[in-house]
Amino acid sequence: MEMTPLEIRKKIEFDFDIVLKNQCRLREYVYPRSIYFRLCREYTELTLQELAESVGLKTHATVLRSLNFTFYDMLYENKYKNYYEKFRRQMEGNPTLEHENKLLKIQVQELERVVEGYRFNLIGQ
């Protein structure tokens, strides 16, 4: 699935109910901004300076620090880690974990019906 940097930013802003251009240093802003930088580096051709300018920063140094340090700090926070992994799976076209769980539950139910059918046949004989 192809997404532009603007689409990535809008999705993250919508999902976290924040504005990435806000120059706030609170965790609620810093971690989503770090996710945005990482996803844009992985799936777009933007330079560090272009990434910085896309969120209203003056220099690429903040982006670099976010990619090298903040991103790895964020991985200890399950909320943000799970969001990043889910977003990546969607970008790569893989089903989300929730979707895989639904499919597995259906398979388990089908197997339980088969087992019940065998039990019924064995008891009935």
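Trainee: What makes up the largest nonpolar core, and which residues have the most contacts inside it?

Mentor: In this predicted model, the largest nonpolar core has 27 residues. Those with the most contacts inside it are Ile8, Ile12, Ile35, Tyr36, Phe37, Val63 and Phe87. Two or more residues of this core come from each of helix H1 (5-16), helix H2 (27-43), helix H3 (48-54), helix H4 (61-74) and helix H5 (78-91). H2 gives the most, with seven residues.

Trainee: With which residues is Val63 in contact, leaving aside its neighbours within four places in sequence?

Mentor: On that basis, Val63 is in contact with Phe37, Leu48, Leu51, Ala52 and Leu57.

Trainee: How many aromatic pairs are there, and why is the pair of Phe16 and Tyr80 called stacked?

Mentor: The count comes to seven aromatic pairs. For Phe16 and Tyr80, the ring centres are 5.5 Å apart and the planes stand at 25 degrees. Rings pair when their centres lie within 6.5 Å, and planes under 30 degrees apart count as stacked; the pair of Phe16 and Tyr80 is therefore stacked. Phe16 lies in helix H1 and Tyr80 in helix H5, so the pair ties together parts that are 64 residues apart in sequence. Both Phe16 and Tyr80 are buried.

Trainee: Why is the pair of Tyr31 and Tyr80 called edge-to-face?

Mentor: The ring centres of Tyr31 and Tyr80 are 5.2 Å apart, with the planes at 75 degrees. Planes over 60 degrees apart count as edge-to-face, so this pair receives that name. The pair links distant parts of the chain, with Tyr31 in helix H2 and Tyr80 in helix H5, 49 residues apart. Tyr31 is buried, as is Tyr80.

Trainee: Which residues do ring pairs link into a cluster?

Mentor: Ring pairs link Phe16, Tyr31, Tyr80, Tyr83 and Phe87 into a cluster.

Trainee: What is the volume of the largest pocket, and which residues line it?

Mentor: The largest pocket has a volume of about 280 Å³. Its lining consists of Gln23, Cys24, Arg25, Val30, Arg33, Ser34, Phe37, Leu57, Thr62, Arg65, Ser66 and Thr70. By class, the lining divides into four nonpolar, five polar and three charged residues. H2 and H4 each supply at least two residues of this lining.

Trainee: How do you know whether Thr70 is buried or exposed?

Mentor: Thr70 has a relative accessibility of 15%. Buried means under 20%, so Thr70 counts as buried. Thr70 lies in helix H4. Leaving aside neighbours within four places in sequence, Thr70 is in contact with Val30, Tyr31, Ser34 and Arg65.

Conventions:
Residues numbered from 1 in each chain as written. Predicted model: local features only at pLDDT ≥ 70, side-chain atom pairs only at ≥ 80, totals over all residues. Heavy atoms only, no water. Core = buried A, V, L, I, M, F, W, Y, C linked by side-chain atoms within 4.5 Å. Buried < 20%, exposed > 50% of the residue type's maximum accessible area, 1.4 Å probe, protein only. Helix = DSSP H or I, 4+ residues; strand = E, 2+ residues; numbered from the N terminus. Contact = heavy atoms within 4.5 Å. 1 Å grid on protein atoms, 1.4 Å probe; cavity = no way out; pocket = protein on both sides within 12 Å on 5 of 7 lines; lining within 4 Å. Points joined across faces, edges and corners; volume = space filled by probe spheres on them. Nonpolar A, V, L, I, M, F, W, Y, C, P; charged D, E, K, R; others polar. Phe/Tyr/Trp six-rings, centres within 6.5 Å; stacked < 30°, edge-to-face > 60°.
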